[in-house]
Amino acid sequence: MSEQIVIVGFGPVAARLVDELLPVVRSGRAALTVVGEEAEAAYNRVLVADLGVGRTTAEALALADAEALAGDGVDVRLGLRVRRVDRARQQVILSDGASVHYDRLVFATGSRPVIPNLTGINPDPTRPVLPAGVTALRDLRDADVLRQAVAGGKRVVVLGGGVLGLETALAAAEEGATVTVVHNGPHPLGRNIDRGGGAVLAASLRRCGVRMAGNARSTGVEHNAPDGGFSALLLDDGSAIDGDLLVLSCGVRPRTELAEGCGLSTSAGILVDHKLRAHHEPHIFAIGDCAEVRCPDPGCASCRNAKGPSGLVGPGWRQAEWLAEYLTLLAAGTPEEAEVLAELPAEQAGVIVLKARGMNMAVAGDNSAEPWDEEALSAGAVNGRPRLQVAQWADPEHGRYVKMTTRGGVLEGLVAVGMPRTAAELVGLFERSAELPADRSLLLRLDGPDQLPGTGPADPAGTVCRCAGVSGTAIQGAVEEGCSTVAEVSKATRAGTGCGGCHEDIKGLIEKHFQAVPAA
């Protein structure tokens, strides 16, 4: 009898799991049901802002084809919610009244946008009703709202200084909208970037045409537009920022309510062990934004300081790939092999990359220590462990800033603004945990005038697409096989199907290849 696998949620991470499970479904050893709340099959939600400014199409964002999956034997149910999970009977009850049996249940419910408690907005966190002219920019319908505002050259107010809010602001400004970013704290990316880098980043955003309103606390929204929609964001100092569209970019929270409703353990996310199994429930798993890897063993050192879900698509995809292998072994009737399968490796600290016309930024790790902060530099330097060292360089006038925080010569944190080649090299060193050159200025020279355009230190075998883990060598191989566009490379290698930050790098590799091809 085939294994009955049910996946709740049909976003990018669930789509990868479905894709990896197709061989075992086609073989008849497993039956797979996917339940998606939206009417559309999985698409790249990270690039919804690009869709909203007209830089891509809904077809290009698609990550799954419901009809093709049905042809492979997958039971795809779209436009439905799971009302509850009956763990005793191993069934999920759907919003249309149907019930589906499972042998293995996977939560891939993702996250929902945080809706701030502002006067004029329904504060219900699970079912917010946003007024006209206010969007959280989360799905295809939200993209339509942004597209209309940008096409009309409207005033867009972005509330939140995180990376998604900044990317939306930059894209909308480049396409002709008047954009203001409102954020709490002295600079954007307050949780990820140090003061110096944040100040240079804010100045660079202004040069790109984005207005910045820092140290601002919003209290409510005004609805005085002709259609009764949004007209201004109200601040606690009594001032207001006028606009035609308010984009809420205040972070996300894992969707755990369904898991909580059936008695599973949760914290920030659904608690799972290193095999992605829910605590004390071997038949249920969780992956992606909703999953928090923190095993129930109190003596587990790696879980002692574990953080919640990363919110990044790359780690979710790696979880999906690992879980697919585990479920495949179970479906094949080899539970012994499944149990000895090596656990999912712990994820490294994420790298935040922000790219736009006229600016480039990369941030990773802990970069808060300052060069002369003796207390911070000495923290953790016990039992022979080296102390922190900080190398810092700034040219605010030209929008350039680099900070390297190292311990024993290995990066623990970095900031690079306006230094694309230096950023690329530092990110590679950070991801490999490789030691930096003793003379840190060698890295700064990568962006110097003696470097020819298009040259750089990047190792061809190095990772170009961090979300999907695709190397430059793999991309070059796809180009040599005939791929001539970013879309074709993405289809062949999966590179560029995540955050989109590597699209320019992929394009550069394509152009470099065809420039070297002699004319016929």
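**Briefing on a predicted protein model**

Val 8 stands opposite Val 35 in strand S2, where two strands count as paired if DSSP finds at least two bridges between them. This is a predicted model, in which local features need pLDDT of at least 70 and side-chain atom pairs count only at pLDDT 80 or more, while totals for chains, interfaces and linings use all residues. Residues are numbered from 1 along each chain as its sequence is written, and side-chain values use heavy atoms, with hydrogens and water left out.

**Overall build**

- The secondary structure of the protein comprises 17 helices and 28 strands, these being DSSP runs numbered from the N terminus (helices are H or I with at least four residues, strands are E with at least two).
- The radius of gyration of the protein, 24 Å, agrees with the value near 24 Å that a compact globule of 520 residues would have; the radius is taken over C-alpha atoms, and the globule rule is 2.2 Å times the number of residues to the power 0.38.
- Taken along the principal axes, the box filled by the C-alpha atoms is roughly 70 × 65 × 60 Å.
- Of contacts between residues at least 6 apart in sequence, 59% join residues at least 24 apart, a contact meaning heavy atoms within 4.5 Å.

**Surface and charge**

- Buried residues account for 48% of the 520 residues, where buried means under 20% relative accessible area, exposed means over 50%, and partly exposed lies in between (1.4 Å probe, protein chains only).
- The protein exposes about 24100 Å², of which carbon and sulfur atoms supply 50%; accessible areas come from the Shrake-Rupley method with a 1.4 Å probe, and for residues only the protein chains shown count as cover.
- There are 49 positive and 64 negative side chains, and the centres of the two sets lie 2 Å apart; Lys and Arg count as positive and Asp and Glu as negative, without His and the chain ends, and each charge is placed at NZ of Lys, CZ of Arg, CG of Asp or CD of Glu.

**Strand pairing**

- Strand S1 (residues 3–8) has 5 of its 6 residues buried, so it is largely enclosed by the rest of the structure, and S1 pairs with strand S2 (residues 30–36) in the parallel sense over 6 bridges.
- An open sheet of 5 strands has the order S9-S16-S10-S11-S12, with parallel pairing.
- Strand S9 (134–135) and strand S12 (210–213) stand at the edges of this sheet with a single partner strand each, so one side of each is left without a neighbour in the sheet.
- Within the sheet, strand S10 (residues 155–159) and strand S16 (residues 245–248) run parallel and are joined by 4 bridges, and Val 158 stands opposite Val 247 in S16.

**Loop residues**

- Leu 189, although not a glycine, has a positive phi of about 55°; Leu 189 lies in the loop between strand S11 (178–182) and helix H7 (195–207) and counts as buried at 3% relative accessibility.
- Asn 215, likewise not a glycine, has a positive phi of about 50°; Asn 215 is in the loop between S12 and strand S13 (218–222) and counts as exposed at 56% relative accessibility.
- Asp 447, in the loop between helix H14 (441–444) and strand S27 (463–465), counts as buried at 9% relative accessibility.
- Leaving aside neighbours within four places in sequence, Asp 447 is in contact with Arg 400, Met 419, Pro 420, Arg 421 and Thr 422, whereas Asp 447 and Glu 325 are 43 Å apart in space, C-alpha to C-alpha, and 122 residues apart in sequence.
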